[in-house]
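Here is a short report for a reader meeting this structure for the first time.

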Protein chains: 2
Amino acid sequence: MTTSPPQSSGSVTDDRRAVTPVDPARGTRHGLGIDQVSLETGFWKTLQDANSTGTLRHCIDWMERLGWLANFDRVAAGTMDENRPGWQFSDSEVYKLLEALAWEYGRTRDTEIDEIFESLVDRVAAAEDDDGYLNTCFGHPGRPERYSDLSMGHELYCAGHLLQAVVARLRTKGEDRFVALGRRVADHVLREFGPEGRDGVCGHPEIEVALAEFARATGETRYRDQAQLFVERRGHGTLSPIPLLSREYFQDEIPVRDTESWHGHAVRALYLAAGAVDIAVDAGDAELLAALEDQWHHTVARRTYLTGGMGSRHQDEGFGEDWELPTDRAYCETCAGVASLMVSWRLYLATGRSEYVDLMERTLFNVIATSPSPDGTAFFYANPLQQRSESSDVLPDAVNSRAEGGVRAPWFDVSCCPTNLARTLASWQSYSAAIDAGNDDEGDVAVVLQYAAGEYRFELSSGLLRVQVHTEYPHASEVHLKVHDAPPGGAPLRLRVPYWAIDAQVTVNAGPAEQIEPGWFDLRQPVSEGDEIRLVLPVEPRLTWPDARIDAMRGTVAVERGPLVLCIESHDVPGGIVLDAITLDTSASLENEGDGARGRARVLDVVGPADGTPPFGRAPSGRTTSEDFDLIFVPYHRWAERGPSTMRVFVPVAPHVRLSGEDPSAANVEGPTDEP
Amino acid sequence: MTTSPPQSSGSVTDDRRAVTPVDPARGTRHGLGIDQVSLETGFWKTLQDANSTGTLRHCIDWMERLGWLANFDRVAAGTMDENRPGWQFSDSEVYKLLEALAWEYGRTRDTEIDEIFESLVDRVAAAEDDDGYLNTCFGHPGRPERYSDLSMGHELYCAGHLLQAVVARLRTKGEDRFVALGRRVADHVLREFGPEGRDGVCGHPEIEVALAEFARATGETRYRDQAQLFVERRGHGTLSPIPLLSREYFQDEIPVRDTESWHGHAVRALYLAAGAVDIAVDAGDAELLAALEDQWHHTVARRTYLTGGMGSRHQDEGFGEDWELPTDRAYCETCAGVASLMVSWRLYLATGRSEYVDLMERTLFNVIATSPSPDGTAFFYANPLQQRSESSDVLPDAVNSRAEGGVRAPWFDVSCCPTNLARTLASWQSYSAAIDAGNDDEGDVAVVLQYAAGEYRFELSSGLLRVQVHTEYPHASEVHLKVHDAPPGGAPLRLRVPYWAIDAQVTVNAGPAEQIEPGWFDLRQPVSEGDEIRLVLPVEPRLTWPDARIDAMRGTVAVERGPLVLCIESHDVPGGIVLDAITLDTSASLENEGDGARGRARVLDVVGPADGTPPFGRAPSGRTTSEDFDLIFVPYHRWAERGPSTMRVFVPVAPHVRLSGEDPSAANVEGPTDEP
């Protein structure tokens, strides 16, 4: 099944390998390291700081409080028994936090972070069995046998997250006892599940992407071979079905390379895809890579929300069918956002196509940024696009159910999202820029992918390119790039023009402003020290219409501003008007209003059905009143920061309003006007 | 909390008590008995026959095959152990089938049915413990302790279904060993959970409605007192929350009388409400009855589908919030339809209001009739209003997951629906007509509620009224009623005019046709032998519009014909046109087509988003082509009878189509035209 590798005309030499979570063994592109981009101010700096000061310690506190950390101590002490707090996968939260701490230390060199990391490793390492097996839930007295429940046991899933933490440690600090532990754990997995071992896979993919990267980080391809074996084994129904879960849940009913669209549990599907991309790239399996690209395109075009959110079902935490995109019950799990970034980033590195980075930007600003509270100590697990009720059951200092809406919660019964955010935000820099060595003519190209105020240091084969970025993006349109250092003869610079920026302009030094198209813009000349580039990505508010096949959004429109999806919130609506009764007048212009927008709305006066009947009648029930009012849109990622609210992203379009003298019966219709 | 009973000016004497599942101890209305209405031909006769010849034995075969019946044998033999097939509530399926068999025997006096009943009782009775405890899952060696899991154990739920079967037996055959068994089981429940016993309720309501009816059937009010105690205990958070289930799931977070709308698991909510109505009526608790009526009205107006289906969430099998009514993910569990009938029937008996019977008609024709296959051996568990994919995972001779769509399945992992349908269809007659003794002036009124070809025998206090009905309703408009016997001086006759029949007419003998309004129509004169009444309920196809607040149905319209909801199915669509691309031209008239309708549709030509982006764009994406075609609507209850299909009930309304010469940009909009 393996085919020839993607053609590459250049490659990254070992001495320039970056400190990053994803470092393909083949291909011409690599991301900058977390230490090669310094954020100074702005959107991502603020979120990363909250992660540093809030989330990291918050996660430790909760895992201590709930006994998830003590589970390791009890295994070490031989006192683990039937009563073990936490789900079977709670070890993985500790590992995701270790990964976050490793990136955090790698980025900041903050010794306090390193001390915390080491103190956690003390406890984790003490729970390791002699043969490299490490899991607090299985394989101890009073506990189920090792690998006795591959469908739901999550043992390999936990091992995978441990290995991702080990990769982070290896790349940020180098060989140490934790890395050695990781080697033993990985070797144990290979012994147990290798070609001569158990013919099984884990119900929750993760070991695949972890082993693939572990192979890259250690240079030992046998780990990649094992990852490949797991990918190829999957899809043949070896996992026992679980009552009340769909057959698609595990992605075990059809092989990865035969899949048309992502389906089943969203995080599972996306973790598996991320690992499969790694295998396709490193093994040179162009057929598999093409299949994964097709899956991405199918899923993004039909099963993905405006926010980039994936997974439209609470049941199974799963993808829906094509066009099944409810706003109120949109699940859009925060972890699925993380997983989507993982897949898209790998596909960008593999192909160089801008749409993968565009989806990452959508997802970063509208899923990743939406989940945490400003102080990084409360989180959304699900990220719906409509909140119908202000009431919320979320408890402020307690373990909450996973998908309760309307208020961010400090911790969850299944608390996968906080630590997943932590590792993602701690390594944000690694997704912000890249070097493309694929151009024979001009050598390495420096590629800016995400715009943030700070310094980007590209270690090109020709020398260092240092670019300082000044911007208030995404709240302002202008991005100013100044070249501080450049290799002799200059360096090729490539800028990403987001999909939505249809009126973007670029100005180089004193040159004329040039209109540029979404996608890639390669500067005409190599840049040299002192060059200044002014990029304008107009973040004016705009209407965004759903595809006509999305039943749950028919007759509605959203407002976006640059990469930010906006929403309306009950806090901003004149008293007495409920969100159910608001329609947007799309003939009125949208104005900037703070970081959001202001439009004009009309109240819908609903003629209800007869008493005692379901809400259906012989005539369309909506009629707008003649008064209109200002409707404020705020960035979606900030919703519910002012207390419980009702909220919606997609707002019904105001029906045409008749003036007196017109046929009154004609006003009684729904939908947009027929004026252009 | 108890208040004065509803005022009544008449009552039903014991010697005229009907053979029916619901026989309130107070109030002026009672339903006819299952033996007082004889179906001869038509819609419900066909379904009842399939139940008799297909479903009853089909259920026994599956429960034998899966060991659910043998569980009783094993308990009797003392061989029950850790390995017990079936869910913890599988006993209840046996009991629901016993209830169905009891009604079937009561209606038909078919001795073979009685023999089957007795053979099942042999096995059930053998598993009874000495103290009246009867459950194959708990309280035996190797099994969990009795009442060790009130949240999910379903022990009282199972006991409740046993008691409903006992009531059916008592009313159709009288005291016997099964009734004696029921008394012991009920007495056991009273000892364990009485005022001095455990302060607990069952996670799944059912014991309430069962004990209330058992009290009526036995005349012993202590059973009603226990039911009342269960109702009053509920809502105080005594049930342990279950991870991943909502707090509302059990209806234990707020007392019944303080509830605004039904919420949480739909079947649980409705079974509880049914029992609460019984308590309210028999205990004369007008406040509780008013609260339940309010809950019904709130829920029906905002959380109920056009089909009468209830429960919009797969997750928790639960009610959604107000206006949360997705079509594709509509759960509309068949059992929730059964439970809704239970509540509405009790509220009709308590109040005499026609809207309760209207909802029953909706639910009967569009939920109950939709679930079974024509031969009664395969079933829908969920009844969505849209099927997006023809593919189905349903296995023809296997246990299926509960909610797989598109193909009826022979049996389910949780197989509550087949036996629930069986008991409902076996007793259909009991919901079709009533006697209202509340009119001092004229004595008992005979009330016809559901129109079916056959004979209705009203045993009025003044004597027998025998009415023969000829009709092909709901496929034809005309209902012909002929009075064969009547008491001396005639009898008052009341006809239900369904909510949808706005142009109904009635003609008595040679009199003029009279226009009548939806609701109740009381004939001007008492009817006497030989009188003929011609009722016309015009079943012309009509458009039905969703309330403007239902986001998931905005911009769509449904077609109904009489009480039947219609749908479009891929089988009937010209080749190459997918259902996603169909819009209904609402300016064209609807014609009768078989039992359904024919309209005109246009194809939607969707201008998709740019490649690689989610399905959202800067302009509305739908534009209809100029060609139109005939669109066939078929009764929803028959969908998927011709093999897997895609289907939808609510069809998008065709955007206004411009002719050449008009502004082309203006055509690119969604929604109905603004022409009347």
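Strand β9 (residues 463–471) of chain B pairs with strand β10 (residues 478–485) of chain B in the antiparallel sense, over 6 bridges. Helices (H or I, at least four residues) and strands (E, at least two) are DSSP runs, numbered from the N terminus. Two strands pair if DSSP finds at least two bridges between them. β9(B) and β10(B) make a hairpin, with 6 residues between them. Within this pairing, His470(B) stands opposite His480(B) of β10(B). β10(B) also pairs with strand β15 (residues 532–536) of chain B, in the antiparallel sense, over 5 bridges. There His480(B) stands opposite Arg534(B) of β15(B).

The model is predicted: local features need pLDDT of at least 70, side-chain atom pairs count only at pLDDT 80 or more, and totals for chains, interfaces and linings use all residues. Residues are numbered from 1 along each chain as its sequence is written, chains are lettered from A and ligands numbered from 1 in the order in which they are written, and side-chain values use heavy atoms, with hydrogens and water left out.

**Domains of chain A**

Chain A is assigned domain 1 (14–430), domain 2 (439–536) and domain 3 (542–667). Such bounds come from an automatic or database domain assignment. The C-alpha centres of domain 1 and domain 2 of chain A lie 32 Å apart. Their contact (heavy atoms within 4.5 Å) takes 23 residues from domain 1 of chain A and 25 residues from domain 2 of chain A.

Across the interface of domain 1 and domain 2 of chain A, 13 residue pairs are in polar contact (both at pLDDT 80 or more). On the domain 1 side, β2 (37–39), α11 (334–351) and α12 (354–368) of chain A each supply at least two residues. The largest share of that side, 8 residues, comes from α12(A). The domain 1 side divides into 11 nonpolar, 5 polar and 7 charged residues. Here Ala, Val, Leu, Ile, Met, Phe, Trp, Tyr, Cys and Pro count as nonpolar, Asp, Glu, Lys and Arg as charged, and the others, Gly among them, as polar.

**Chain B against chain A**

In this interface, 85 residues of chain B are in contact with 85 residues of chain A. Arg554(B), Phe616(B) and Arg618(B) supply 11% of the area that chain B buries against chain A, more than any other three residues. Phe616(B) is also the bridge partner, in β22(B), of Pro546(A). Strand β16 (residues 541–546) of chain A and β22(B) pair in the antiparallel sense over 2 bridges.

The table sets out two interfaces. Buried area is the accessible area (1.4 Å probe) that two parts lose on being put together, summed over both. A salt bridge is a side-chain nitrogen of Lys or Arg within 4 Å of a carboxyl oxygen of Asp or Glu.

| Interface | Buried area | Share on carbon and sulfur atoms | Salt bridges |
|---|---|---|---|
| Chain B and chain A | about 7000 Å² | 54% | 6 salt bridges |
| Domain 1 of chain A and domain 2 of chain A | about 2000 Å² | 53% | 2 salt bridges |

Glu324(A) forms a salt bridge with Arg329(B), the closest N and O atoms being 3.6 Å apart. Arg496(A) and Asp358(A) meet in a salt bridge too (2.3 Å, N to O).

Note on methods: Polar contact = N/O pair within 3.5 Å; in protein donor to acceptor, adjacent residues only side chain to side chain.
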